[in-house]
Every structure is written in C-alpha cells, then in structure tokens.
Amino acid sequence: MVGTVLKKDLEKVLSTFPKLKFCKNKNLNFLKGEIDIFDSNGVYWDSFTIAIVIPKNYPNAVPGVIELSKNIERIDERHISEHGECCLDITHELLYQARSGIKIIDFIKNSVYPYFANQLFFLSQGKYANGEYAHHFNGVKQFYKEKLGLDDIPLIIKILELIIINKVPSRNSICPCGEKKIKYCHDSQIEFLKSVGKTQIKSDLMEFRKILSS
C-alpha cells in the first residue's frame, strides 16, 4: 500500500517525467523508465533507462538509483558499480538531507538528473562539470577535508568516538580540539556528523583508524 505522502509526491514525478512509471514488486516500490537529458539550451542529448528504488521509510531515507541501459561503462571513474548502482553524491550529504526528508521529485531534479547530465558531459569533455570526489574512502577523506574542514585524523577519530558513545560535550564546553568552546569552534561539523547516523559514523571511524595505524 502506498502512503498518502508518497502518492502525492509520485503524482508530481509522473507529470514531470512522463517516461517514468511507478512499479510495485511485493513490498518494493520503485520508478522505472527513461529519463531524457537536455543541455542548458534545451537541446536533447540522450536518454537513460533507470530504476529508482523508493525506501520503505520514505521520505527519511535515501532512494537507490540503478542504470539499466548500460550506457555507462562500469568503472570507478564513472561513479557506478558493476551492477549499475549509481553513486550520485557523497553518502554523507544524502544522509544529511534524509534527516529532514527527501521528496522523490526533488531527488530526481537535484541528484538523479544532474548525475546523468554529468555523465554525458564527461563523455564530451573528459571531465565532470563541477569536479568530483575521489573513489571509495579517499572520497570520504576528501569530503571531511573540503566540506567539513577536518584534516586532522586524530581529531576526527576523537569526534567520531564521542558521537558514537553519546558523549559530545555541550556547546559551552571546550571543543575536542582543545582550542575554544565548541560553539565557537567545531560545532557545525559535529552537528553535521551527528545527523548522518551512527552506522555511517562507525564505518568512517573504522576506516580512519586503519589510516592512523598504517
């Protein structure tokens, strides 16, 4: 059974992207069909056959996207798995968005469509329009450094450990870095990391510990 919120959101998707169809397989809800890509002048570029898996706890989870047409080479450089699972953005960004809810129409417009447009741009120019993250955990390290301003691995580990055990000091306490009160220091970074969920935090912590011990 499709919930009222999802039903209304799907109506917007199907009117905006008429080549996508809503499908249901047992307990799995998904969209399947073609998405047409146009350049900034409205000139048609190409189409991709895709499936968008709608999570059970919609809208507070990240949908999955699979490229079915096999137009994208299955290599890391193209940010796609061998099974066609698309890496639309750094996981942390999507998890952060999911906390407040990801409407499927916004997800397609802001994440899915730009991903496939960027794939065509790559074929034309040999690079992505707005740069890219490195592959695998190197991309996570890049995100911590460039987006969160965190490059000190011992400090990162300390922050992640505190988040996992629910022992992050109050905003008026000295920051884990030892510099100033948290509210004048790493407050925004800590709050962002808390929002992505402990599953991701535990995974990051394990990988940062490996780097520190290597």
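This is a predicted model: local features need pLDDT of at least 70, side-chain atom pairs count only at pLDDT 80 or more; totals for chains, interfaces and linings use all residues.
Side chains of opposite charge can pair when their charged atoms come close. The structure contains eight salt bridges. One of them joins the side chains of Glu-34 and Lys-19, with an N to O distance of 3.5 Å. This pair links distant parts of the chain, since Glu-34 belongs to strand E2 (residues 28–38) while Lys-19 sits in the loop between helix H1 (4–16) and strand E1 (20–25), 15 residues apart. Glu-34 is partly exposed at a relative accessible area of 33%, and Lys-19 is likewise partly exposed, at 42% relative accessibility. Both residues also belong to a network of salt bridges that links Lys-19, Glu-34 and Asp-36.

A salt bridge is also formed by Arg-74 and Glu-67, whose closest N and O atoms are 2.5 Å apart. Here Glu-67 is buried, with a relative accessible area of 1%, whereas Arg-74 counts as partly exposed at 24% relative accessibility. In helix H6 (residues 187–195), the side chains of Glu-191 and Lys-194 meet in a salt bridge with an N to O distance of 3.3 Å. These two residues are separated by about one helical turn because they lie three residues apart in the helix. Glu-191 is partly exposed, with a relative accessible area of 38%, and Lys-194 is partly exposed at 39% relative accessibility.

Arg-78 is buried but has no salt bridge. The nearest side chain of opposite charge is that of Glu-73, at 4.9 Å, and the salt-bridge cut-off is 4 Å. Arg-78 is located in the loop between strand E4 (64–67) and helix H2 (91–100). With neighbours within four places in sequence left aside, the contacts of Arg-78 are Ile-72, Glu-73, Tyr-115, Gln-119, Phe-122, Leu-123 and Tyr-128.

Two packed helices are described by the angle between their axes and the distance between the axes. For helix H5 (residues 153–164) and helix H7 (residues 198–213), the axes come within 9 Å and cross at roughly 150 degrees. The crossing of H5 and H7 is left-handed. On the H5 side, the residues in contact are Ile-153, Pro-154, Ile-156, Ile-157, Leu-160, Glu-161, Ile-163 and Ile-164. On the H7 side, they are Lys-198, Ile-201, Lys-202, Asp-204, Leu-205, Phe-208, Arg-209, Ile-211 and Leu-212. By class, the contact comprises twelve nonpolar and five charged residues, with no polar residues.

Key
Residues are numbered from 1 along each chain as its sequence is written. Side-chain values use heavy atoms; hydrogens and water are left out. Helices (H or I, at least four residues) and strands (E, at least two) are DSSP runs, numbered from the N terminus. Buried means under 20% relative accessible area, exposed over 50%, partly exposed in between (1.4 Å probe, protein chains only). Lys and Arg count as positive and Asp and Glu as negative; His and the chain ends are not counted. Contact means heavy atoms within 4.5 Å. Axes are lines fitted to C-alpha atoms, for helices over the stretch in contact, and angles run from 0 to 180 degrees between N-to-C directions. A crossing is left-handed if the near helix is turned anticlockwise from the far one by less than a right angle, and right-handed if clockwise. Ala, Val, Leu, Ile, Met, Phe, Trp, Tyr, Cys and Pro count as nonpolar, Asp, Glu, Lys and Arg as charged, and the others, Gly among them, as polar.
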